[in-house]
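Hi,

Here's the structure I promised to pass on.

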Amino acid sequence: MSIAMTPPKTAATEQFPVASLALAAPVRGAVMSFYRFVRRADDIADAPDLPAETKLRRLRMMEAQLDDRRTADPLAAALLDTEARFGTGLAEARILLQAFAQDAVQKRYQDWDELLRYCQLSAVPVGRFLLRIHGEAAPADAPADALCMALQILNHLQDLSEDRRLLDRVYLPLPWLQRAGGEQRFFDRAPSTARREVLDAALDQVESMLDDAACLPSRIVSPRLRVQARLTLACAHALSARLRRNDPVEQPVRLSAVDKIGRVLPAALLRPSSSDEEITRRIVRQSGTSFRFGIRSLTGERRRGLHAVYAFCRAADDLADGAAPAEERLRFLDGWRRELERLGGSPRTPIGRELAFAIDQFDLPVAELRLLLDGLSMDAVERLRLADQGELDFYWRAVAGSVGLLSVRIFGTRQADGFALSLARALQLVNILRDVAEDARRDRVYFPASRLSALGIGHAEASAVIADPAFALAWSALAEEAEQAFVEAERQLEDCDRRVLKPALLMLWSYRPLLARMRLVGWNLQAPKACLRPVEKVRLAWLAATQEAA
């Protein structure tokens, strides 16, 4: 769906399809006329030996040729002919010329939004041109825009070192580079965990765009363009996967022939486009969470509804925990707040559309989804400390209690709110107890400062807090509270239908043994992170598949 706008310089060697045989011959010719014109402009903007003033002057000359119906320039004349025959091409080319002019003078970006605004100029017009030349309608615009911006950012990521070396141009925003120690350290070819985390955070954003673009083939009328869209989506997923496996700073990352033949073609030709329901199901499946056992015990619309809620939770939680700068993470969470506002109208994302289904089907309170985002915003900071018990109570209620209340409504009961909240508190406290060391590495301490100071723990550094000998007392006290929350959940369960609440019971059965195992060992900074044993996972999978409520 995109004409790649970065080197290599010929259509035959582009990473993404330009004018493939999927397109009809007359359309291919028109697409190539558009491609050749903007390719020349891009080459001017990317010429390492030309000063910015010369680049801008040549780009202005190219734009002026589009105003001359008798131009002698063959590339401009071909594009004018395309405009005359298909009614599209000139407006899109003019916007691209703005992007190339920006490339001539702008070397760095301040945040992700600024990068996206650039992609609106440098990539979106390409998709719009292809849609208009095929006579496609407006419903295809939004997913095409998402696909084109994802492709553009993938190009930027794979060419990070080359763009900086040849053009002193870096598209990854400066605060993102700072998260890996600054620009110089980011581009040090030595392997870097911090750089890998930043690249993965950028790829998370790309893959979210690809999810938004997944419905594009189903919204395209032209069979040939539909095939082209599938090819391009498959290429994008394959390149994203390769960038996950390989570091573009250490060595160039390109799709191989094996990628194209073994992954792209089968994905494009043998698999239908992903539906919104399939996307939320995939998010849950890939998460690896023990929550999936509870979801498996549901069927039909209840399973679909819980997939929607959990996919939303997973996407928001990954943003809060990601390696993007804190300001960016908070903005990304604000993006989900805006999506929640659109649930009653036209959600823009697959998760949003599935949430709208679940809300309508099960009368879910949207306020709980907003509360979840408020809780996760507490995580989306560079340094987290909770002042007192009130903040801890708000945190678990927001990030876990909200999910519990939404879940029991999907299960089919509103008489289990007390059980849901008690269980949610227990589960979240177990997460806090289990993840102490990992959270400390992120400079997060979920044990209230009021409790710690009462034990004489007043260290500023998270690592010093959890290494203090008195921290074991704070850990044990919270573990006891988690156990009492499980006890209270089971007491509340006496008045509930266990069969309806089986998915929640599966969570209880998976977490309570973890707590018992951790309490047996006690707080130990050197102990491995507690997790379910293989035999326990098999048991849970079996329980999820049976009809017994246990």
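Let me start with a cavity. Helix H23 (436-441) and strand S2 (444-445) each give at least two residues to the lining of the largest cavity. Helices (H or I, at least four residues) and strands (E, at least two) are DSSP runs, numbered from the N terminus. H23 supplies the largest share of that lining, three residues.

Before going on, the ground rules: this is a predicted model, where local features need pLDDT of at least 70 and side-chain atom pairs count only at pLDDT 80 or more, while totals for chains, interfaces and linings use all residues. Residues are numbered from 1 along each chain as its sequence is written, and side-chain values use heavy atoms, with hydrogens and water left out.

Back to the cavities. A cavity here is a set of points on a 1 Å grid over the protein atoms alone where a 1.4 Å probe fits but cannot get out, and lining residues have an atom within 4 Å of a point. The lining of the largest cavity is made up of Ile432, Val436, Asp439, Ala440, Arg444, Val445, Tyr446, Phe447, Ile466 and Phe471. Those residues split into eight nonpolar, no polar and two charged (Ala, Val, Leu, Ile, Met, Phe, Trp, Tyr, Cys and Pro count as nonpolar, Asp, Glu, Lys and Arg as charged, and the others, Gly among them, as polar).

Next, glutamate 183, which sits in helix H10 (residues 183-186). Its side chain makes polar contacts with the side chains of arginine 108, at 2.9 Å, and arginine 164, at 2.8 Å. A polar contact is a pair of N or O atoms within 3.5 Å; within protein, one must be able to donate a hydrogen and the other to accept it, and residues adjacent in sequence count only if both atoms are side-chain atoms. Leaving aside neighbours within four places in sequence, glutamate 183 is in contact (heavy atoms within 4.5 Å) with Arg108, Arg164, Val170, Leu174 and Leu177.

Most residues other than glycine have a negative phi. Aspartate 168, in the loop between helix H8 (160-167) and helix H9 (174-178), has a positive phi near 50 degrees. Aspartate 168 counts as partly exposed because its relative accessibility is 42% (buried means under 20% relative accessible area, exposed over 50%, partly exposed in between; 1.4 Å probe, protein chains only). Aspartate 363 also has a positive phi, near 55 degrees, and lies in the loop between helix H19 (350-362) and helix H20 (366-379).

On helix geometry, H18 (residues 326-341) has 16 residues and reaches 23 Å from its first C-alpha to its last, close to the 22 Å expected; the expected span is 1.5 Å times one less than the number of residues. Its buried residues include Phe332, Leu333 and Trp336. The 21 residues of H11 (residues 193-213) should span 30 Å, and the end C-alpha atoms are 30 Å apart, which agrees.

One last item: methionine 507 is in helix H27 (residues 502-521) and counts as buried, at 8% relative accessibility.

Cheers

Notes
On a 1 Å grid over the protein atoms alone, a cavity is a set of points where a 1.4 Å probe fits but cannot get out, and a pocket is an open set with protein on both sides within 12 Å along at least five of seven lines; lining residues have an atom within 4 Å of a point.
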